[in-house]
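Please look over the sequence and the fold below before reading on. The paragraphs that follow walk through a few parts of the fold, one after another.

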Amino acid sequence: MVDDKEDEDALDDETLQLGEENMEVLRNKLTEFNPACDMDNPIFVRGMTFSGVEELRKALATYAVRNRKKIKKVLNDRRRLTAHCAAGCPWYMRAGTDLSHTGGFVIKKYEGKHTCEGSWPLEAISSKLLTEKFMHEFRDNQKLGLQSFAAKILREFKMCPNRYKLARARKAALLQIHGDEESQFGLLHDYGQELRRSNPGSKFFLTTNSVNDPSSGEHKEHLATVYWSYDACKRGFLAGCRPFICLDGCHIKTRYKGHLLTAVGVDPNDCIYPIDFGLVEVECTSSWEWFLTNLKEDLNITNTAPWSIMSDKQKGLINAVHKLFPESEHRFCVRHMIQNFQRAGHRGETLKNDVWAIARSTNIPKWKRTMDKLQVDCNEAFQWIEKLDPKTWVKAFFSDFPKCEMLLNNHSEVFNSYILEAREMAFLSMLETIFYKILQRQESKQREGMTWTGRICPKIKKKLEKFFEWSNNCIVKPAGNYLFAVESHEFEKDYSVDFKSRTCDCKRWQLTGIPCHHAIACCRKDNINYENLVDNCYTVETYKRAYAYTLAPLRGRVFWEKMNATRVHPPLYTKVMGRPKRCRRKAPEEKVKEGVPYFTKAGTIIHCSICGKSGHNKKGHQTYLL
């Protein structure tokens, strides 16, 4: 704020030759309050003008906090405002509407001197003031915690209100950023039209449940399911990815809840490739059938035999896959299977390692050997494993058509974590966040592919380097006509390699399309570039085809075409007591503290060291006897 003396000196210039009325107007303009630069530390002067009483109230609140004064407004309405400080302090302000000159709100009388001692006016730090002051902080970090928020306020104002006021301020800031959660459902039809307009070929449709509101008697349509996909992702998946789809569902972490179903592919660099999405109320057989039906139609899948599906052992998902992809290979995530294995009572690192060895077996002899070892270690565990179909979880029985030996549904888990922040937002904000995350990912992958040199993708090169080290332990005997006999120091000692059919007895080459260490040893023997034997699905050219399509950005909401459709209301939900759960319950083996797994005593049965009975310890022995 410019000093009053400098203002008056500027107006005393005789060369201005202004009339008294113009001089007064100019004087008022020179003392106009500019909230962009003055609101941070307000300095008041007589004649200062404001756009309205609301602006003056905000400035007074900030002034009280900055100067540690308890300012009391004794007269406060739309046309007048009178404020004073503590009893005996001469500080005084009287302001009102100025109808004669500026037409705004002007300070008519002001005494700025304080004689009172400083205080801590926490009531002046309102949640509204905090929201406006720290809005940019929440835009940069929407997951800003209350503890970090309190630290920022303490540094700024040298005092901090209680956590309830902080929570209200954060909630109001997020509401301004994303809009009202309930009203966003009414914009879904407009969003779908904008998505189809900007990205032709993309799909977005929803279904609703008709419900009569007993309180108002009004007939309402409540959201039930939503399906959407992006044209660039579908085209890229069909052009450059293998026929392998990972399916999974995750929770929507808002008060309306719901499940987000996702289909994720594998790109030529063995990274995630999102395909399509669906929102359902619950994860069951009918919801998965609905989602997979739309997926088949979207990708124009008529023959399901070449496709492979990876998922967990969710019962509804298994039934839906068998119904809609009857000829497809259906693999189960081994990690989830091991969790069921341990819940059945078969615990311990030895049994766990035995099961992993069985799953990683790439040929029948190795599978039989690992199964025999499990039977020796624990016959009950062997009987449990024997009931499972090996085609769903053992590499030796996998189809070699998709060129993928994945045992885990990690790609779906990675994508669910990738959109974790979006899943905590209001529904329309979640859709927009997911869209722009994928848009930015497509663009970054395009630029990344342009920098790569060579024939194959970087992750595949790392695998080849590992196999190259393993090949040092192989002895090659050429047989002619691109046939080789390989002697290895493994349990299955002798292998035959055929370059024409690109096969090896270990079956790893057939499963992945990447030459195994036996084949690389043969390449070293005949001085052949083993990178040329890698399947075309891993090449940089295929990678560029997968990310050749671009998502066009959406326009702002004010530009969306208004659809004359039935208004969509939020999904029906039942409010439950307690704080909403944000994190899923982890299995005991998943709990890690500082990089080291740890186990709690929850669920363990205690025994008494005196009598040996369960249900109590020696401290409760006397109570037990009573």
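What covers the buried residues of helix H14 includes strand S12 (329-332), helix H15 (349-359), helix H17 (379-386) and helix H18 (410-418), where helices (H or I, at least four residues) and strands (E, at least two) are DSSP runs, numbered from the N terminus. The model is a predicted one, in which local features need pLDDT of at least 70 and side-chain atom pairs count only at pLDDT 80 or more, while totals for chains, interfaces and linings use all residues. Residues are numbered from 1 along each chain as its sequence is written, and side-chain values use heavy atoms, with hydrogens and water left out.

H14 itself spans residues 334-343 and is mostly covered, with 7 of its 10 residues buried; buried means under 20% relative accessible area, exposed means over 50%, and partly exposed lies in between (1.4 Å probe, protein chains only). The buried residues are Val-334, His-336, Met-337, Ile-338, Gln-339, Phe-341 and Gln-342. After H14 comes Gly-345, whose phi is positive, near 105°.

How do H14 and H15 pack, in terms of angle and distance? Their angle is about 145° and their axes are 11 Å apart; here axes are lines fitted to C-alpha atoms, for helices over the stretch in contact, and angles run from 0 to 180 degrees between N-to-C directions. H14 gives Val-334, Arg-335, Met-337, Ile-338, Phe-341 and Gln-342 to the contact, and H15 gives Leu-351, Lys-352, Val-355, Trp-356 and Ala-359, contact meaning heavy atoms within 4.5 Å.

Strand S12, one of the elements covering H14, has Glu-329 and Arg-331 pointing one way and His-330 and Phe-332 pointing the other way, and all are buried. S12 pairs with strand S11 (residues 308-311) in the parallel sense over 4 bridges, and two strands pair if DSSP finds at least two bridges between them. Within this pairing, Met-310 has Arg-331 in S12 as its bridge partner.

Elsewhere, an open sheet of 5 strands is arranged in the order S1-S5-S4-S3-S2, with antiparallel pairing. Strand S1 (49-50) and strand S2 (72-76) stand at the edges, each with a single partner strand, so one side of each is left without a neighbour in the sheet. S2 and strand S3 (residues 80-84) pair in the antiparallel sense over 4 bridges, and the bridge partner of Lys-72 in S3 is His-84. Helix H4 (residues 53-67) lies across S1, S2, S3, strand S4 (92-97) and strand S5 (105-111), and runs at about 10° to S3.

In the loop between S5 and helix H5 (127-133) lies Trp-120. Is Trp-120 buried, exposed or partly exposed? Trp-120 is partly exposed, with a relative accessible area of 47%. Leaving aside its neighbours within four places in sequence, Trp-120 is in contact with Arg-68, Lys-158 and Met-159. The C-alpha atoms of Trp-120 and Arg-68 are separated by 5.6 Å, although these residues are 52 residues apart along the chain.

Another open sheet has 4 strands in the order S13-S14-S15-S16, and its pairing is antiparallel. Its edge strands are strand S13 (475-480) and strand S16 (503-504), each of which pairs on one side only. Between them in that order, strand S14 (residues 483-487) and strand S15 (residues 494-498) pair in the antiparallel sense over 5 bridges, with Tyr-495 in S15 as the bridge partner of Val-486.
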